Amino acid sequence: MVIEYIRYRVPQERLDGFEAAYERAAGALRAAPQCVDYELSRCLDDPACYLLRITWTSVDEHLKGFRGGPVFGQFFAAIKPYVEDIQEMRHYAQTTVAGPGGATLPSLYEWAGGTDAFMMLCDAFYRLVRSDHLLAPMFAHVDPDHARHVAVWLAEVFGGPATYTMEHGGYPHMLGQHLGRAISETQRRRWVNLMMDAADEVGLPDHPEFRAAFTSYIEWGTRLAVANSQPNADPIRQAPVPRWGWGVAPPYRGMTRNSGAGDLAHP
């Protein structure tokens with residue numbers, strides 16, 4: 001991906017219509033498959049200055065795909081009166097200098113307790129699986145390190161290091177573990193139930209916010225596994241390991257992973 005920054009200084013006599021023009025132009029960006037996202041910001045120190053950020057899939061997709069595509073005319077017609085006010089229009093690539101600040105919420109991985117917490121979770125889970133008549137046959141011949149590999153996968157999914165991607169084959173390898181297995185809905189539900197039992201057993205945080213996010217991935221991931229395991233499935237073979245966040249219910253400001261489930265520090 002590549003980021004385009006466009007800096008504007010808009011004369012006072014045209015300021016009133018500038019944001020409305022980009023509201024109209026935004027419809028073309030939303031319809032463009034080359035556009036990942038966009039954001040228009042206004043300078044607080046000098047209100048005549050604006051900064052437009054657009055993330056494109058690539059420079060070529062922007063310059064050839066978008067500009068040569070069917071929605072560019074709509075986009076350009078909306079912003080044409082302001083082209084002369086552009087002070088800079090360039091593409092930028094991200095560097096390795098990036099990271100969360102102190103005000104950023106901890107990841108689900110951090111909230112859970114890091115890789116060790118997922119190792120304990122998977123050890124408990126597969127112990128329960130081995131004594132379950134429905135799931136034990138499915139995992140009778142797995143690699144002795146299978147539980148550890150799943151723990152590393154979950155750690156990466158929930159915001160931890162990309163160890164599964166770097167050392168275990170990433171998403172394509174995980175997909176390959178499910179192809180052709182014809183997993184049933186009954187087996188999926190038992191898998192989910194035992195995972196929740198294991199989470200309780202090892203003391204994974206029981207805050208409603210954390211468990212809602214944790215459970216949403218388990219539901220999504222297992223339903224995808226069932227679909228991909230069917231005999232006629234034709235899933236996407238190349239994709240990154242998913243990254244799961246807090247979703248619509250992050251912890252209240254001031255709440256920590258050591259707070260009790262009822263100790264909600266309201267903002």
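This is a short talk about helix 6 and the parts of the chain around it.

Hi everyone, and thanks for coming. Please keep in mind that this is a predicted model. Let's start with helix 6 itself, which runs over residues 146-157. Its 12 residues reach 17 Å from the first C-alpha to the last, close to the 16 Å expected.

Now, is helix 6 mostly covered or mostly open? Mostly covered: 10 of the 12 residues are buried. Among them are His146, Val150, Trp153, Leu154 and Val157. And what do those buried residues pack against? You can look for six partners here: helix 4, helix 5, helix 7, helix 8, helix 9 and helix 10.

Setting aside residues up to four places away in sequence, leucine 154 touches Phe118, Leu121, Cys122, Met195 and Tyr217. Leu154 also belongs to the largest nonpolar core, which has 43 residues. Within that core, the residues touching the most other members are Phe118, Leu121, Trp153, Leu154, Phe158 and Phe214. Helix 4, helix 5, helix 6, helix 8, helix 9 and helix 10 each give two or more residues to this core. Helix 5 gives the most, with 9 residues. Apart from this core there is another one, of 23 residues, and its members include Tyr22, Cys35, Trp56 and Ala78.

Next, the aromatic rings. How many aromatic pairs does the structure hold? There are 26. One of them joins tryptophan 111 and tryptophan 246, edge-to-face, at 5.1 Å centre to centre with 85° between the planes. Tryptophan 111 is in helix 4 and tryptophan 246 is in the segment after helix 10, so this pair ties together parts that are 135 residues apart in sequence. Both partners are tucked away: tryptophan 111 is buried at a relative accessible area of 4%, and tryptophan 246 is buried at 12%.

A second pair brings us back to our helix. The ring centres of tryptophan 153 and tyrosine 164 are 5.1 Å apart and the planes meet at 85°, so this pair is edge-to-face. Here tryptophan 153 sits in helix 6 and tyrosine 164 in helix 7, 11 residues apart. Both of these residues are buried. Elsewhere, ring pairs link a cluster that includes Tyr8, Phe18, Tyr22, Trp56 and Tyr82.

Why does proline 242 count as buried? The cut-off for buried is under 20% relative accessible area, and proline 242 comes in at 15%, so it counts as buried. Leaving out neighbours within four places in sequence, proline 242 is in contact with Trp153, Glu156, Val157, Tyr217 and Trp220. Its C-alpha atom is separated by 23 Å from that of histidine 207, which is 35 residues away along the chain.

Last stop: the largest pocket. Its volume is about 820 Å³. The lining has 37 residues, and the closest to the centre are His146, Met174, Gln177, His178 and Ala225. Helix 6, helix 8, helix 9 and helix 10 each supply at least two residues of the lining. Which helix gives the most? That is helix 10, with 9 residues.

How values were computed: Residues are numbered from 1 along each chain as its sequence is written. This is a predicted model: local features need pLDDT of at least 70, side-chain atom pairs count only at pLDDT 80 or more; totals for chains, interfaces and linings use all residues. Side-chain values use heavy atoms; hydrogens and water are left out. Helices (H or I, at least four residues) and strands (E, at least two) are DSSP runs, numbered from the N terminus. The expected span of a helix is 1.5 Å times one less than its number of residues. Buried means under 20% relative accessible area, exposed over 50%, partly exposed in between (1.4 Å probe, protein chains only). Contact means heavy atoms within 4.5 Å. Rings of Phe, Tyr and Trp (its six-membered ring) pair if their centres lie within 6.5 Å; planes under 30 degrees apart count as stacked, over 60 as edge-to-face and the rest as tilted. A nonpolar core is a set of buried Ala, Val, Leu, Ile, Met, Phe, Trp, Tyr and Cys residues joined through side-chain atoms within 4.5 Å. On a 1 Å grid over the protein atoms alone, a cavity is a set of points where a 1.4 Å probe fits but cannot get out, and a pocket is an open set with protein on both sides within 12 Å along at least five of seven lines; lining residues have an atom within 4 Å of a point. Grid points are joined across faces, edges and corners, and a volume is the space filled by probe spheres set on the points.
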